[in-house]
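This report describes one protein chain and its surroundings. Please look at the sequence and the structure shown here before reading on.

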Amino acid sequence: MSETEEAVAAEKESVPAADAVTPKVRRPKHWPKSSYDPHYDPVVDKGPGHNRDYAPTYWIGTAGTPPADDGPVSEDFDTDVAIIGSGYTGLSCAIHLAQNHGIEAVVLEANTVAWGCSTRNGGQAQISSGRLKRSEWIARWGVDVARRMHDEVTEAFEVFRELIGRDEIDCEPQEGGHLYLAHKPGAMPRLEKECALLNETFGYGSRILSRGEVHEKYVRDQEACGAMWEPDGTCIHAAKLAFGYLRLARKLGAKVHTGSPVLGWERVNGIHHLITPGGVVRAKSVALATAGYTPPGLNHVTRHRLMPILSNSIVTRPLEDDEKEACGFGTLSPLTDTRVLRHYYRMLPDGCVQIGSRSAVTGDDAENPKHLALLRAGLARKFPALEGIDLDYSWWGWVDVSHDMMPRIFCPDPGQSVFYAMGYGGNGVMYSAQAGRRMAQLVAGEESAAFDLPIFTSPLPSHGILTPFRRLGQRAMYYWYAFNDEKLGQKGRVQDEVPATDGGAGPSGGAGQ
Ligand SMILES: Cc1cc2nc3c(=O)[nH]c(=O)nc-3n(C[C@H](O)[C@H](O)[C@H](O)COP(=O)(O)OP(=O)(O)OC[C@H]3O[C@@H](n4cnc5c(N)ncnc54)[C@H](O)[C@@H]3O)c2cc1C
């Protein structure tokens, strides 16, 4: 038996005995839904599962019933384009294929709609893609490419705003810009330098804020020594965004099949045969949108090209009035601190506080209480009034970090029929809308000068022979980052006054989760 046949047989065996007891009742292949697996680990597991339930997130808890989808694949069929993965990227690709190119694609999702990061994130839309700052773009590619990259993410924000303005997508957007908060005095000079660069080189109007101004107008974060404010920054409801994309994609003619993991992939006479438990989907082109949940064996073009990193997130119970007063949230828009192992946080419209940061290295260790304790300690350092507060939600998810910290929307196939868009490094809420649109353009064969950027012209880099040692390296880096974040740079000046760069330019780009 081949590996594919074994996987399909194992899936079929996992259909419960109830089917055998009542053989005449034809149940859908995904019956019943399997439970959420908190230990799932994309580096060691064969795949993300089959029709698993959602992670227990605030978003799923408050989004209401998900809109209808097209259920599992139940027979063999042909399609022009199959998209694997139904998160923001896959659904945006389906939307843009239908809307701009007249192609009604089929989306295949292993579990429930947007089961991966797209229903687990912090809901912060920032003007970046990948983890690098604008200064790092310049160091890597030079000023011209960096400027064009800036244009790309600026356009991406427009695409995102246009999408979330559609009637089908009610994701409760809260605009107000993004605050990048210095968590220690030594971080301020770096913020000031980046702010000046953004203003002078990119013409993007960001500002430096003093600690006093941050506390008075934005948030009484006790660590904050000052901040950089970027004009673009929107908080959204993560699951409502995904469900809105689903609604729009289906309205435009796409089919979204949940409970349909692609377990095997063969190419026969140039046609891709995607093997799911319910049938084989034969596609002329395949677009991969599986991000941090990409199974290592799915296709060699994405094998070990991403480093999945766990990020965890908590949501408190609604704050009491005195707690609200102590925390002083004057904004509902995105907040991030300057740690490398950064905290991303926000006040939710219902008065709860969400905060997230890095978590365990392996899926097996994800439930270890020490990771939750670390996050709680981070919350209490910023907001002492919230020390020990009851939590309503706690969850985690696998962020798709590429080895050079930038995403790729790329066609790795000489036959021009396999595409992927992934590697946002924790900055995918906003940019995935554009990445899906770009991937749709590539699939449709549209030519554009915009594609002359490294994120479109080169594949995701690989770690090569270092691949088996990546997690050892990750542990070592976590120790170093934690030491650097907490111990170094504590001396220096707290930004009490607004400096001369006020009124200047742009975004950090590096504030991924
Ligand atoms: C805790 C956390 C907080 C975050 N916070 C933010 C934030 O505040 N701002 C921000 O910009 N970004 C944030 N991110 C990152 C952001 O959520 C992602 O970049 C974005 O959701 C990626 O969307 P996607 O569609 O590319 O992938 P995903 O949403 O991960 O979707 C991939 C899908 O592929 C499916 N799949 C995988 N293999 C198969 C297969 N073989 N067959 C069928 N389906 C398959 C999976 O089931 C999954 O549903 C955060 C991520 C996490 C985990």
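Leu179 stands opposite Trp229 in strand E7. Strands here are DSSP runs of E of at least two residues, helices are runs of H or I of at least four, and both are numbered from the N terminus. This is a predicted model, in which local features need a pLDDT of at least 70, side-chain atom pairs count only at pLDDT 80 or more, and totals for chains, interfaces and linings use all residues. Residues are numbered from 1 along each chain as its sequence is written.

**Strand E7 and its partners**

Strand E5 (residues 178–181) pairs with E7 in the antiparallel sense over four bridges. Two strands count as paired if DSSP finds at least two bridges between them. Strand E6 (residues 207–210) also pairs with E7 in the antiparallel sense, over four bridges, and Leu209 has Ala227 of E7 as its bridge partner. Strands of a sheet pair through backbone hydrogen bonds, either parallel or antiparallel.

Why is E7 largely enclosed by the rest of the structure? Five of the five residues of E7 (residues 226–230) are buried, so the strand is largely enclosed. A residue is buried if 20 or more other C-beta atoms lie within 10 Å of its own, exposed if 12 or fewer, and partly exposed in between, with C-beta atoms placed from the backbone. Gly226, Met228 and Glu230 point one way from E7, while Ala227 and Trp229 point the other way.

**Other strand pairs**

E13 is mostly covered, with ten of its eleven residues buried.

| Strands | Sense | Bridges | Residues opposite each other |
|---|---|---|---|
| E13 and E17 | antiparallel | eleven | Ile309 and Val399 |
| E4 and E8 | antiparallel | two | Glu175 and Thr234 |

E8 belongs to an open sheet of three strands in the order E3-E8-E4, with antiparallel pairing. The edge strands are E3 (124–126) and E4 (174–175), each of which pairs on one side only.

**Around the ligand**

Of the 50 residues around the ligand, Gly85, Gly87, Gly116, Gly397 and Gly428 come nearest. H12 gives the most, with four residues. By type, the shell divides into 22 nonpolar, 26 polar and two charged residues. Here Ala, Val, Leu, Ile, Met, Phe, Trp, Tyr, Cys and Pro count as nonpolar, Asp, Glu, Lys and Arg as charged, and the others, Gly among them, as polar.

**Buried alanines and the core**

Ala421 is found in strand E19 (residues 418–422). Ala421 counts as buried because 33 C-beta neighbours lie inside 10 Å. Leaving aside neighbours within four places in sequence, the residues in contact with Ala421 include Thr89, Ala289, Ile409 and Arg438. Two residues are in contact if their C-beta atoms, placed from the backbone, lie within 7 Å. The C-alpha atoms of Ala421 and Arg438, 17 residues apart along the chain, are separated by 8.5 Å.

The largest nonpolar core has 136 residues, and those with the most contacts inside it are Ala82, Ala94 and Ala242. Such a core is a set of buried Ala, Val, Leu, Ile, Met, Phe, Trp, Tyr and Cys residues joined through C-beta atoms within 7 Å. Not counting residues up to four places away in sequence, Ala242 touches several residues, among them Gly87, Tyr88 and Leu91.

Most residues other than glycine have a negative phi. Ala291 has a positive phi, near 45°, and His304 has one near 55°. Ala291 lies in the loop between strand E12 (279–288) and E13, and His304 is found in the loop between E12 and E13 as well. Ala291 counts as buried, with 31 C-beta neighbours inside 10 Å.

**The chain as a whole**

The chain has 14 helices and 19 strands, and buried residues make up 53% of its 513 residues. The average pLDDT, the predictor's confidence in each residue from 0 to 100, is 90, and 89% of the residues score at least 70. Over residues 7–30 the pLDDT is below 50, and over residues 497–511 the pLDDT is below 50 too.

Terms used
A residue is near a molecule or strand if its C-beta atom, placed from the backbone, lies within 6 Å of it.
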